[in-house]
Each structure stands twice: as C-alpha cells, then as structure tokens.
Amino acid sequence: MKLVKKRIEKDRSGFVELYPEELEDMWHVYNLISIGDNLKATTIRRVQNESSTGSVESQRIRLTLTISVDDIDFDPQGGLLRIKGRNIVENKYVKMGMYHTIDLELNRNFTLFKAEWDIIALERIEEACDITKQADVAAVVLQEGLANVCLVTQHMTIVRQRIEHPIPRKRKGFVTNYEKGLQKFYDQVLQAILRHVNFEIIKVIILASPGFVKDQLREYIFAEALKQDIRSLLENKSKFILIHCSSGHKHSLQEVLQDPAVQSQLTDTKFAREIVALDKFFKMLNDDPDRAFYGWDHVRKAEERGAIGTLLLSDELFRSADIPTRKKYINLVESVRSIGGKVLIFSSLHVSGEQLNQLTGVAAILNFPLPDIELEEDENNQIAAEDNS
C-alpha cells in the first residue's frame with residue numbers, strides 16, 4: 001500500500017489518501033474504515049438521460065463521490081470491499097443524502113476522513129505501507145484425496161484452492177487404480193502450486209500431512225519438475241519443508257505453524273511472533289493459571305494492577321460499530337504500553353486470530369501471578385447468589 005497524502009490535525013481529525021496494491025492491502029483498508037467515517041473515491045453509476053424527444057437513454061459513468069459510511073462488506077477470498085453510505089457532497093448525478101455503494105479496487109486511490117484517528121488506525125497505516133513487514137508463506141495441508149493450498153501472510157490465511165479427488169482403495173494384488181488415482185491427485189496439487197505460488201515473494205513452501213503423503217507429494221513434484229524442466233520449482237527446491245500434521249483440513253495449519261522447524265524459518269514474520277505468544281499463553285493457562293487471563297473483566301483488572309506483560313487482542317475488537325467499545329480497547333492498549341508491556345494485535349483472518357477469538361478476543365500474559373482476581377469473582381458471585389435468595 002502506498003501513502004499518497006496524510007493530514008492529521010491536533011484534535012486527531014483529518015484524512016489519509018491511500019493506494020492499495022495487493023490483496024492484503026484490502027484487509028488493512030477493511031480494518032481502517034469504520035461506520036461514520038467519510039470516504040471519497042471514484043465509482044461507477046448508471047444514469048438516465050432524457051432527450052428532447054422524450055426517449056430515455058441509460059449509460060454507466062465513472063464519477064467521484066464522497067459518502068458517509070453506513071455499511072462495510074468484505075470478501076477476503078476475492079479482496080472485494082463494498083462500502084455503502086449516503087452522498088454528502090453535491091454531485092451532478094447523485095443528490096445529497098442518496099445512498100450509493102462504492103466498490104474499492106486495487107490500484108485506485110481513495111481518501112478516508114475520520115473525526116478522530118486513534119493510535120491503532122495510525123499504526124495500521126504505518127504497517128501497511130512498510131514493505132519490509134511483508135513476508136509471505138505458502139502451505140499445502142493435505143491427506144490422501146484432500147488438499148488445501150493456502151497463502152499465509154502477516155494478516156490472512158487464504159485458501160487459494162481446495163482439491164478433492166477420489167482415491168480408489170488399495171487392494172491386495174490390485175494397486176494400479178490406487179496409484180493412478182494418487183498420481184492424478186498429486187498432479188492437481190502441483191498445478192495448484194504453480195498457479196497460486198509466486199516464488200519471487202514466497203520465502204517458505206510448507207508441505208504438511210499425516211503419514212508419508214507429504215513425502216510422496218514432494219517426490220512427485222520434483223520428478224515432474226525434472227521431466228518437464230520447470231525451472232521455478234527446481235530453482236526454489238530449498239524453500240520446500242516437510243511437516244507432520246493431523247489432517248488435510250485448514251485448521252491443521254495452526255499446529256503446522258507452531259512447529260519449531262517452521263518457526264525457525266519464519267522468525268522475522270509478524271504472525272510467527274503471534275503464534276509463539278499464543279502458544280505461551282496456553283501453556284501458562286495450563287501450568288501457571290494465575291499468570292494467564294482472558295475476557296475483558298479479568299484482563300482489565302490485571303491492567304489496573306500493572307501486571308500485564310503481553311496483551312493479546314483480536315482486530316475484530318477495533319472494528320466494533322460501538323465507539324465506546326473501540327475506545328475502551330484503545331485505552332487498554334495505551335495503558336499496557338505505558339508500563340512497558342507488549343501488545344500484539346491478531347488478525348481474525350489468520351488461524352491464530354481465529355483461536356484467540358474463541359477466547360473472547362482479549363487475553364493477557366502477566367508478569368506476576370494474581371490469584372486474587374479469581375477469588376474476587378468467586379466472592380462477588382457468592383454475594384449475588386445470597387442476595388437473590
């Protein structure tokens with residue numbers, strides 16, 4: 001993403017003009033735009049013109065509109081971002097107050113106006129426009145007859161292609177059909193890799209499966225690369241790593257990304273740090289539960305005591321249409337940072353973010369144990385029960 005222009009006033013109002021270049025940029029834009037913001041962008045609208053003879057002619061024209069955002073819809077697979085709102089600037093073709101939907105597109109500027117640019121939004125712009133923070137990984141999670149070809153970026157896990165191919169059963173003395181079915185399946189996976197993996201950007205290509213399926217796939221890939229002289233594969237052979245996982249479904253990617261062999265290759269990527277932190281949180285929850293809390297009430301009490309060492313937050317919390325809700329989490333971030341704590345904001349489109357969302361989207365690893373938080377809650381529950389009785 002390119003930052004074309006930025007102007008933020010002392011009261012934090014202002015605008016930024018951005019130029020999205022990649023699919024992941026649209027994810028950043030989705031997280032930046034909130035209901036109530038103003039958006040200026042070019043769009044297509046069908047207009048009708050009546051001639052002097054009374055005939056009506058309809059045509060599609062491109063125009064620039066500024067709307068007050070009422071609704072935001074994002075399709076992560078296609079990168080389509082649709083913004084609906086009322087027109088707030090007089091226009092020849094669209095009356096003031098009329099609804100219009102703007103489809104934000106790659107490689108086309110737009111300007112976003114906010115009454116207040118908070119620290120989370122400003123940091124997202126800085127991160128989205130820093131090319132050094134873009135590190136991509138490809139992963140093929142598979143089992144016999146099923147494969148998910150994924151692209152794993154800093155913020156998103158996108159299934160680019162799901163492959164399902166029936167494999168005939170292996171029978172004693174009759175393995176030909178089984179082997180033919182397996183070969184067709186591996187060829188479909190190979191074609192998907194060639195179609196979806198940009199070897200100039202991708203640092204690591206993970207092949208993960210139960211058993212020896214991953215090993216057989218790798219053998220097939222490079223046998224075909226030699227036979228067909230596929231230079232992109234032969235020149236990037238060192239990028240392929242084999243990892244065990246429990247199944248070929250997308251959710252198995254979480255255990256793959258936690259593997260030390262994978263993490264050693266991805267130490268400089270943002271999501272690798274997030275996965276390490278989430279793994280540490282779950283271990284702490286099991287081994288030292290007085291130093292690991294989740295849910296707003298418990299985490300807020302830990303913050304009030306200055307105990308939070310690492311704060312884990314889902315980006316979904318900052319997309320809330322309720323301004324007080326967004327502000328309370330922004331205040332939490334600023335408070336934790338003020339005492340030297342680390343803050344990690346997880347993408348809800350990444351497997352680690354999906355896991356955090358199952359824990360309410362907010363969790364904390366503490367610098368020291370706080371057993372009294374649980375005791376306070378038990379006492380409050382007991383008092384409430386006695387009052388009700």
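Start the tour at Glu354, which is partly exposed at 32% relative accessibility. Here buried means under 20% relative accessible area, exposed means over 50%, and partly exposed lies in between (1.4 Å probe, protein chains only). The model is predicted: local features need pLDDT of at least 70, side-chain atom pairs count only at pLDDT 80 or more, and totals for chains, interfaces and linings use all residues. Residues are numbered from 1 along each chain as its sequence is written, and side-chain values use heavy atoms, with hydrogens and water left out.

**Stop 1: the partner of Glu354**

Which residue forms a salt bridge with Glu354? Select Lys250; the closest N and O atoms of the pair are 3.2 Å apart. This pair links distant parts of the chain, 104 residues apart. Lys250 sits in the loop between β12 (240-244) and α6 (253-257), and Glu354 in helix α11 (residues 351-357). Lys250 is partly exposed, at 25% relative accessibility. A salt bridge here is a side-chain nitrogen of Lys or Arg within 4 Å of a carboxyl oxygen of Asp or Glu. Helices (H or I, at least four residues) and strands (E, at least two) are DSSP runs, numbered from the N terminus.

**Stop 2: further salt bridges**

The structure holds 20 salt bridges. Select Asp372 and Arg305 next: their closest N and O atoms are 3.5 Å apart. This pair, too, links distant parts of the chain, 67 residues apart. Asp372 is in helix α12 (residues 372-388), while Arg305 is in the loop between α9 (296-304) and β14 (308-314). Asp372 is partly exposed, with a relative accessible area of 29%. Arg305 is partly exposed as well, at 31% relative accessibility. Now show Arg12, Glu116 and Lys327, which salt bridges with shared partners join into one network.

Move to Arg291 and Asp288. They form a salt bridge, the closest N and O atoms being 4.0 Å apart. Arg291 is partly exposed at 22% relative accessible area. Asp288 is partly exposed at 27%.

**Stop 3: helix α1**

Is helix α1 (residues 23-32) largely enclosed or largely open? Nine of its ten residues are buried, so the helix is largely enclosed by the rest of the structure. Select the buried residues: Glu24, Asp25, Met26, Trp27, His28, Val29, Tyr30, Asn31 and Leu32. They pack against β2 (14-19), β4, β5 (80-87), β6 (99-104), β7 (110-114) and α2 (119-128).

**Stop 4: a negative patch**

Select Asp70, Asp71, Asp73 and Asp75, which form a negative surface patch. Patches are made of residues with over 30% relative accessible area and no salt bridge; like charges are joined within 9 Å, nonpolar side chains (Val, Leu, Ile, Met, Phe, Trp, Tyr) within 5 Å. Asp71 lies in strand β4 (residues 56-75). Asp71 is partly exposed, with a relative accessible area of 40%.

**Stop 5**

Is Lys214 buried or exposed? Lys214 is buried, with a relative accessible area of 9%. Find Lys214 in helix α4 (residues 213-228). Not counting residues up to four places away in sequence, Lys214 touches Leu207, Ala208, Ser209, Leu242, Ile243 and His244. Contact means heavy atoms within 4.5 Å.

Finish at Arg195, in helix α3 (residues 176-196). Arg195 is exposed, with a relative accessible area of 53%.

Note on methods:
Accessible areas come from the Shrake-Rupley method with a 1.4 Å probe; for residues, only the protein chains shown count as cover. Lys and Arg count as positive and Asp and Glu as negative; His and the chain ends are not counted. The place of a charge is taken as NZ of Lys, CZ of Arg, CG of Asp or CD of Glu.
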